[in-house]
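The following paragraphs guide the reader through a structure, from the overall form of one chain to individual residues. Please keep the sequence and the three-dimensional view at hand.

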Amino acid sequence: MLGWRPELALFIERQKEIGFVEAIVEGLDPWGDLPQALMNLKEKGMTIIPHVGGIEPIMPERIQRITRLAERLDAPFVSEHVAFVRADGVEAGHLLPIPRTEASLNVVVENIEKVKACLSVPLALENIASLLEWPGAEMTETEFFTEVLERTDTLMLLDVANVHANTTNHGGDPLSFLNRIPLDRLAYVHVAGGIGHDSLYHDTHSHPVTRPVLDILEELCRRVYVPGVLLERDDRFPTDEELSEELASIATTINRGNLRREECASGR
Amino acid sequence: MHPVGETRQQLADLQQKLILSLQGKEAPPHGFDPKKLKAAANALVLKRTHSVARCWPELTRAFGSQFADRFAAYVAEHPLLRSDSPLADGRNFAEWIHEELPLAGRLTTIRFDLRFARRGNSFVQRRGPKLTCRLCRREKKIIIAFRLSRYCEKIVCLRTPAFLHHFNSCSEPER
């Protein structure tokens, strides 16, 4: 399962089994021509999930974009980040974290409920990686993420690479993170690569997936059935062989986690 | 005002302050880790640089090892707009740095201008024909480019007679 990018379109089209793809909403015109390669996948019956940037104040045009795309792609749900990308007309150019306070939580919940009210399909919310943490946090990342999910009654898109990034950069234990979030809301999972630089981990989506991220994925699969895992690659695209190997490595990790879960369940 | 409304504006103000501090335009809200703030600011510039490099490989190659530094200088003066795609961002960079553009960079921007027209802050695909002519004094060349349709484009680069270099170059991009 792979994030759809124009650079990966041919690779995806050639695969016998890709499962599902994500399409970034900001790069598509909901009322115009959609990329032919993407429409070909839809014609073949592939599931395409529209993936949105950050949670924003309610803007009718933005909600219409998301709903229109979901209809045109016959998407089973839409996914969005718990983050902001702009504020009062100023663009960040990337996902930034929301202050983890009760007051911010209320704003975020209100925004999400307005989007949900217009969607005819469920919404899944994703945790982000961030090099920054707001001072004055009133709750931990898992508490904030869980509160957002439960108050809005939405699905969860768990990015295990972001779990690794944030526990590396801000402290904490990835397995404790997994134990503290509502895994029964899991819709699907993201994995991605990154690099360490100057004692910080950067979730670049431009490098191979690292062993610690795969370990978290295996531990997740040990805890719960994972409906789907999607690899995000946005730049420095590898060869087809390298990409195939990486997808195979992810599949092996999932199988290992599933086996351990089944052994636990059967008491072996 | 609704309580969430008051908080909504306070939240927007704080978030805007953070974005502006990452762009170096003002001091950050109190309490952020300075090292992580700097790393995040650098990461934003790098992300924008890589996005443009992907869309404009010839422009990137034209500047070689200088591209990252020159683009970072452009970023410092040009905050991202909501309408800015990486394609538009690259074209705006080319316009900003026009006088320094090597010939290969000018050719790639001319090719872009045959296909896209500026509309406010963004670019739209052209549907009709287009003719453009640029005099490159430094390289002593004149570039003539025309487009009849998406399937018929031609760019010709000719050496110019000496007397033409006494005139100013057609250095402003076509609108």
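In this predicted model, chain A has 268 residues and a radius of gyration of 18 Å, which agrees with the value near 18 Å that a compact globule of that length would have. Along the principal axes, the C-alpha atoms of chain A fill a box of roughly 45 × 45 × 40 Å. Chain A contains 9 helices and 12 strands.

The interior and the surface of chain A may be considered next. Of its 268 residues, 58% are buried. When contacts between residues at least 6 apart in sequence are examined, 77% of them join residues at least 24 apart. The accessible surface of chain A amounts to about 11,300 Å², and carbon and sulfur atoms account for 51% of it. Chain A carries 25 positive and 44 negative side chains; the centres of these two sets lie 4 Å apart.

One helix illustrates how residues are covered. Helix α2 of chain A spans residues 36-43, and A:Ala37, A:Leu38, A:Met39 and A:Leu41 are buried in it. In an α-helix there are 3.6 residues a turn, so residues three or four places apart point the same way. After α2(A) comes A:Gly45, which has a positive phi, near 95°.

A:Phe144 is situated in helix α5 of chain A, residues 141-152. Is A:Phe144 buried or exposed? Its relative accessible area is 4%, and because buried means under 20%, A:Phe144 counts as buried. Leaving aside residues up to four places away in sequence, A:Phe144 touches A:Val82, A:Ile98, A:Pro99, A:Arg100, A:Thr101, A:Leu105 and A:Met139. Among these, A:Leu105 is 39 residues from A:Phe144 along the chain, yet their C-alpha atoms are separated by 7.5 Å.

The last topic is the cysteines. A disulfide is a covalent bond between the sulfur atoms of two cysteines.

Note on methods. Residues numbered from 1 in each chain as written. Chains lettered and ligands numbered in written order. Predicted model: local features only at pLDDT ≥ 70, side-chain atom pairs only at ≥ 80, totals over all residues. Heavy atoms only, no water. Helix = DSSP H or I, 4+ residues; strand = E, 2+ residues; numbered from the N terminus. Rg over C-alpha atoms; globule rule 2.2 N^0.38 Å. Buried < 20%, exposed > 50% of the residue type's maximum accessible area, 1.4 Å probe, protein only. Contact = heavy atoms within 4.5 Å. Areas by Shrake-Rupley, 256 points an atom, 1.4 Å probe, with all protein chains shown as cover. Lys, Arg positive; Asp, Glu negative; His and termini not counted. Charge placed at Lys NZ, Arg CZ, Asp CG, Glu CD.
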